[in-house]
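Here is a short briefing on a structure.

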Amino acid sequence: MIEARSLSKAFGPIEAVKDLSFDIREGEVVGLLGPNGAGKSTTIKMLTGYITPTSGSVMIADMDASREILSIRRRIGYMPQDIPLYEDMTVIDYLRFVSDIRQISSTARREKIRHVAERCSIEKVITQSIGTLSSGYKQRVGLAQALIHNPDILILDEPSSDLDPNQIVEIRNLIKEIGKEKTVIVSSHILSEVQATCGRVMIISDGKLVADGSPDELLAKERSDNRVHITFQGVGPEEGIEALSRIDGVSRVKPIEDGRFIVIARKGRDVRPDLFHLAVARDWVILEMRTEQVSLEDVFRKLTMN
Amino acid sequence: MNRLKNIWTVFKKEFLSFFNSPVAYIVITVFLLFSGWLFFQQFFLIGQAGMRPLFALIPILFIFFAPAITMRLVAEERKTKTISLLLTLPLGNAEIILGKFLAAEALLGVALLLTLPYAFTVSSIGMLDWGPVWGGYLGALLMGAAYLAVGLFCSSLTSNQIVAFILGLGICFFFFIIDKVLIFLPGNLSTVFEYFSVDYHFRNIARGVIDLRDIVFYISFVAAFMIYSIYAVQREDWR
């Protein structure tokens, strides 16, 4: 659906995006992740044709962005960062304006606006002027605007900044639902959001693609060992280390405090059953046992900080 | 067909937004205040049943009013970043610029229309020759179009409305004054300068003589600044 080949963009001496290549298939929900200033927005703006790449090419739905940008834009719904809207227009006038530009016939327009307003839950404010809306509503108007022509590709640049926790959940559900049938690209620096909504994550750092895969793949790649936190009742450090180190595959045991240990085993080795058997054999009481989770945060930090 | 429809859609949005914000009301009120006061002051001094005093004023008044109307058209979109939505809709830049330009011209038209009562007042007092009056209005619309095209171009250069206004004012003033400095120039150069004067062609039309050359001048002048604007609007912003 989307093919980017060696995309680069320089703003004067600043290289915002350097030699970026990726493919996005139809129906994928892709999270574009990266710290602020990594080049996420620049990449997205090149996909929508708002800015032209310094070099490289973009093909969307088999059309070349440098030649058929208007046809491409017909198939894209785009919500820019910070949701710029015409503050002095009412929501309905704004949606009418967008539907007219989108060549939606005046007979279908009413129904489309009603549908999209319901989907983004903005029916209540539809006659209000946009300037009077809260930022949560503005965000949803921005989303409604991007969905009105039922686009094949939906591009959202930081969709949930400015939303309260309930609205964030709502918007995530909406993205997931849309993602069932459409190609969606979401840029964000909020990791939980990407993890919750996207089947694929691309991490961009300093204008370059540093990781690309499903969240699980990225996590698995980053996990170099298997760590289990365990707490026994009344077991001293020496006694514990001595017993735990003898388990097959355990490379190191770190005592933390009374009875608490971190057992580090080699990658892919799950030592939890062995810990259980050990406790039974020694007649120790297990108070807590859990595996340490590698979070997307860790992956992100590792890849984007030098 | 689609292109025309897009221009119409942009036009409608821009024209309505003039009236949704105070811009239209302020421009029209102040314009009528200035033109009304200056016109009738002159009118009673000269004591002739004609609209000449109004049409003598309009080239100067428009130098201020045209950039005031156009200053927000693109600059505001840049400032509030709505331009990123506008430029990613399936809309050509030419359609955006033309729609905005026509909306500005329409607002100017409304302001001019509201000066028609002056003409009716005059014709009720004495014999009014309507030929120069219609010529004057046509000329004012054409000259206004030229000034608005300049103003729109200035607006598409910047995200600062004040800069757009002052720059527009400067360029409009330049094209107004250009045939008034002729005495300092050698003969053949002066015809060239005269040709580029927005005011010179207006005076021709306002006499009631409609010459194709004057019309062609305005159309090419507007077209040139439209094309500059179309290129300027695409200017990329960092982020």
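Chain A holds 11 helices and 14 strands; helices (H or I, at least four residues) and strands (E, at least two) are DSSP runs, numbered from the N terminus. This is a predicted model: local features need pLDDT of at least 70, side-chain atom pairs count only at pLDDT 80 or more, and totals for chains, interfaces and linings use all residues. Residues are numbered from 1 along each chain as its sequence is written, while chains are lettered from A and ligands numbered from 1 in the order in which they are written.

**Domains and overall form**
- Chain A splits into domain 1 (2–220) and domain 2 (224–294), with bounds from an automatic or database domain assignment.
- The centres of these two domains of chain A, taken over C-alpha atoms, are 46 Å apart.
- The C-alpha trace of chain A spans about 80 × 45 × 30 Å along its principal axes.
- Chain A has a radius of gyration of 25 Å, whereas a compact globule of 306 residues would have one near 19 Å. The radius is taken over C-alpha atoms, and the globule rule is 2.2 Å times the number of residues to the power 0.38.

**Contacts between the chains**
- 22 residues of chain A are in contact with 21 residues of chain B (C-beta atoms, placed from the backbone, within 7 Å).
- On the side of chain B that touches chain A, α1 (2–20) and α4 (83–86) of chain B each supply at least two residues.
- α1(B) gives the most to that side, with 6 residues.

Methods
Contact = placed C-beta atoms within 7 Å.
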